[in-house]
Structure formats: structure tokens, C-alpha cells
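The following paragraphs lead through one structure, beginning with a single pair of residues and widening from there. Please keep the sequence and the 3D view at hand.

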Amino acid sequence: MNRIQFIAAILVGCWVAPAHAEDVTFGSLKISALWVRATPKGAPVGGGYMTITNTGSAPDRLIGGSADVSSRFEIHEMSMDNGVMKMRPVGKGLEIKQGQTIELKPGGYHVMFV
Ligand SMILES: [Cu+2]
């Protein structure tokens, strides 16, 4: 199983307005619709979103990454807990099966720059 090494620097050019980046092909992974949400000045965290398609013949797994603007780069998921929306790190990363497309989006899986 390959490991995704996510290139966060392309996402994180701007924190004051939503920022988008060009599509990226990384081996058998097609990464598109990359964007980061605008954050207030001094905010301790920021969210990043994208669509990842695995065009290869084996599953892959998004396990983390790095960014110049944050000391930690985490993969999170949102879920409802007794009527309250919560987010937590995805412990073992996010599997992307062969041929599968996953969407990291507000309210679901996302990258958290901490
Ligand atoms: Cu989060």
C-alpha cells in the first residue's frame, strides 16, 4: 500500500480569504478541488478540503502531511454525537480504495492545520 504524501504548501498560500489550488496528480492519485477556508487572524486552526481519486490498482491511505503554516497537519472527520457535531482525528488515516473518489468537505472528512 502506498502512502500519500500530501503537498500542503500548494494549499496554504493565503489565510485571509478562501484559497484554491490547481489539480495535482501524484502517482495514481488525482487530487482536485483543493481549497482552504478563510480563518480569522490568529485562529489556532484552519480547515483544508479536496477531492481525491485513486486511479491505481491498489488501495491507498491518506495518513497525514505537513504545512509551512502549522505545526500539525491532521486528518479529521465530523460526526454527530447526541445531536452535537463533533470532530476528531482519523486515527489510522483515510483509506481510498482502487477506483474510489473521496471528498474532503465541510461537515465531513477534512484536513486540520493546527
Ligand atoms: Cu478538524
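This is a predicted model: local features need pLDDT of at least 70, side-chain atom pairs count only at pLDDT 80 or more; totals for chains, interfaces and linings use all residues.

His20 stands opposite Trp35 in E4.

E3 and E4 make a hairpin with two residues between them, and in its turn Gly27 has a positive phi of about 65 degrees.

Another partner of E4 is strand E5, residues 46-54; the two pair antiparallel over six bridges.

Ala33 and Tyr49 are 16 residues apart in sequence, yet their C-alpha atoms are 7.5 Å apart in space. Beyond residues up to four places away in sequence, Ala33 touches Met50 and Thr51. Is Ala33 buried, exposed or partly exposed? Ala33 counts as partly exposed because it has 14 C-beta neighbours inside 10 Å, while a buried residue needs 20 or more and an exposed one has 12 or fewer.

Apart from neighbours within four places in sequence, its contacts are Ile31, Ser32, Ala33, Leu34 and Leu104. In soluble globular proteins, nonpolar side chains tend to be buried together. In this model the largest nonpolar core has 13 residues, and Met50 is among those with the most contacts inside it, along with Ile31, Leu34, Ile52, Leu62, Leu104 and Val111. The elements giving two or more residues to this core are E4, E5 and strand E11, residues 110-113. E5 gives the most, with three residues.

The view can now be widened to the whole chain. The protein chain has eleven strands and zero helices, so that, by the way these elements are assigned, its pattern along the sequence is β-β-β-β-β-β-β-β-β-β-β. Of its 114 residues, 20% count as buried. Among contacts with a separation of 6 or more, 59% are between residues 24 or more positions apart.

How values were computed
Residues are numbered from 1 along each chain as its sequence is written. Helices (H or I, at least four residues) and strands (E, at least two) are DSSP runs, numbered from the N terminus. Two residues are in contact if their C-beta atoms, placed from the backbone, lie within 7 Å. Two strands pair if DSSP finds at least two bridges between them. A nonpolar core is a set of buried Ala, Val, Leu, Ile, Met, Phe, Trp, Tyr and Cys residues joined through C-beta atoms within 7 Å.
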